[in-house]
Amino acid sequence: MLAKINSSAVVGVDAYPVTVEVDIAAGLPSFSIVGLPDAAVKESKDRVVAAVRNSGFDFPSKRVTVNLAPADIKKEGASFDLAIAVGVLRARKLIDAEPDGFCFIGELALDGAVRPVKGVLPIVLSLKDSGIRKVMVPKANLGEAMVAGDIDVYPVEKLKDVSDFLCGKKEIKPFSGGYEACGREKEEYDVDFSEVKGQQFVKRALEIAAAGGHNVLMVGPPGSGKSMLARRLPTILPDLHFEESLETTKIHSVVGLVSPGQGLIKKRPFRAPHHTVSDIALIGGGTYPRPGDVSLAHNGVLFLDELPEFHRDVLEVLRQPLEDRVVTVSRAKGSVAYPASFMFIGAMNPCPCGNFGHPERECLCGPYKIRKYVSRISGPLMDRIDIHVEVPSLKITELARDFGEAEPSSDIRKRVVMARQRQKERLEGDKIYCNSRMGTRHIRKYCALDKESKDFLIAVIERLRLSARAYDRILKVARTIADLARKEEIEREHVAEAAQYRRMDAYLA
Ligand SMILES: Nc1ncnc2c1ncn2[C@@H]1O[C@H](COP(=O)(O)OP(=O)(O)O)[C@@H](O)[C@H]1O
Ligand SMILES: [Mg+2]
Ligand SMILES: [Zn+2]
């Protein structure tokens, strides 16, 4: 007989219904899977045969054909195992009732255990549209599956339990309840700005960056605390709201990075790929496309340490996500888009030896070597960085000093949230949400200077020999500084502070 079982396939960060049809017919024993399966799906044959046998059933010595419909969606990975096995049992009438209204997701181990799979959150979210209200998922994926709400989620551990349940021989208690049930309470970060001694100037720059969504470049010798500071940037950004949590969790689900029991990701992600990262790992893509670091950093922070060490091509590909907040990856059939909206923070040594500007060590690099080193960072990337900040090394004596109680991240975050609210109200009509996203038109409209401030800015640009491009960038950052000061007009002191954050321009001119 022919059995039809509901399952689902993930494409990009969304899922689509797939029907697993299993036909058992007379003929020489064979087992084939059709319907655009990839290699991992084909391997499912061996797993399903062993899992069925080791669950106490005979595998039919007949012609078994599995069709994954519709055929125009490429089926990837091992998540169809459970649906295929249930289909085989149903086609042999070992399961007496039609498991209608259920969707089955899971990989099978040879002994019949159900293993966790990738993409459970997008799958469960997509069920809402297809009218299916019940889903069987691997127990380890229960947390993310429950996020969807309105769906009864049956956590399963063994194929035998699934067949016993479908035959009415066993109870499996479904979970539902949506994201409230998986804890919407806030989650604390395990790092905090209060742990960073001194460095008031850098902390101020990062507060401005967080407030306006400005990308940052930190320049300082090894050990000066650049990584320490960058890692704390997510802690001063506004809390993730539900939609953002959902988007970020979906992306992590697709690559299998949601830990069991975690449910929703509630902290802004921080991704720090090494400088040897490939462009595919950073941006996403590959034969079986998956999101890269830029998408795993979605709604959070992407940190590239030792920026000049990155391959030029790799930095070049950052252009699209920095501009469009999304990455498009082409694949055999059409293309998929992965969201990639993140704050960028880069770090580098001030010179090849790292000692330039160090209070105690000597740098022998010279201006030519330094210029060459800085110019390894591609123009298009530098063009999207509004704030440059020097991170001086603290002397040992300073590190040992008691700076008193430093301000906690939560206090800084309050000011960031206030400044973002002002921007939102101002920019909402223009469909942007923070100052860093302003284009030329918005800058003319919202960053007007009085004559005194304007003359001052022109004088600064000439004195520091900044490029014309620096002008607009200083205005955007000045706008954020004014917002932090709760001022509607940009004043001279805001411009003066903003101009301090263009230090690297001199090397790039
Ligand atoms: N301002 C600071 N306050 C407290 N500890 C610091 C500070 N700066 C550096 N450190 C200590 O030095 C270590 C090295 O800092 P790190 O962030 O790795 O430097 P970098 O990335 O610039 O090479 C940190 O893990 C931290 O223990
Ligand atoms: Mg570091
Ligand atoms: Zn040097």
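Analyst: **A loop residue and its setting**

Asn-299 sits in the loop between α11 (293-296) and β14 (301-304); helices (H or I, at least four residues) and strands (E, at least two) are DSSP runs, numbered from the N terminus. This is a predicted model, in which local features need pLDDT of at least 70 and side-chain atom pairs count only at pLDDT 80 or more, while totals for chains, interfaces and linings use all residues. Residues are numbered from 1 along each chain as its sequence is written, chains are lettered from A and ligands numbered from 1 in the order in which they are written, and side-chain values use heavy atoms, leaving out hydrogens and water.

Asn-299 is not a glycine, yet its phi is positive, at about 70 degrees. With a relative accessible area of 10%, Asn-299 is buried (buried means under 20% relative accessible area, exposed over 50%, partly exposed in between, using a 1.4 Å probe and protein chains only).

Arg-486 can be set beside it. This residue, also not a glycine, has a positive phi near 55 degrees. Its place is the loop between α20 (468-484) and α21 (492-499). Arg-486 is exposed, at a relative accessible area of 57%.

Leu-68 is buried, and its relative accessible area is 0%. Leaving aside residues up to four places away in sequence, its contacts (heavy atoms within 4.5 Å) include Val-18, Thr-19, Ile-33, Pro-37 and Lys-75. Thr-19 is 49 residues from Leu-68 in sequence, but the two C-alpha atoms are 5.9 Å apart in space. The peptide bond from Ala-69 to Pro-70 is cis, its omega being near 0 degrees. Pro-70 belongs to the loop between β4 and α2.

The nonpolar cores come next. Nonpolar side chains tend to be buried together in soluble globular proteins. A nonpolar core here is a set of buried Ala, Val, Leu, Ile, Met, Phe, Trp, Tyr and Cys residues joined through side-chain atoms within 4.5 Å. The largest one has 82 residues, and Leu-82, Phe-104, Leu-318 and Phe-344 have the most contacts inside it. Helix α2 (residues 81-91) gives the largest share of this core, 8 residues. The core lies between domain 1 (2-181) and domain 2 (193-436), because both give residues to it. Leu-82 touches Phe-104, Leu-108, Met-136 and Val-162, among others, not counting residues up to four places away in sequence. There is also a second, separate core of 53 residues, and Ala-205, Ala-210, Leu-237 and Tyr-446 are among them.

Now the whole chain. The domain assignment, automatic or from a database, gives domain 1 (2-181), domain 2 (193-436) and domain 3 (438-509). The centres of domain 1 and domain 3, taken over C-alpha atoms, are 58 Å apart. The chain contains 22 helices and 18 strands, and its C-alpha trace spans about 90 × 50 × 45 Å along the principal axes. Of its 509 residues, 54% count as buried. Contacts between residues at least 6 apart in sequence join residues at least 24 apart in 73% of cases.
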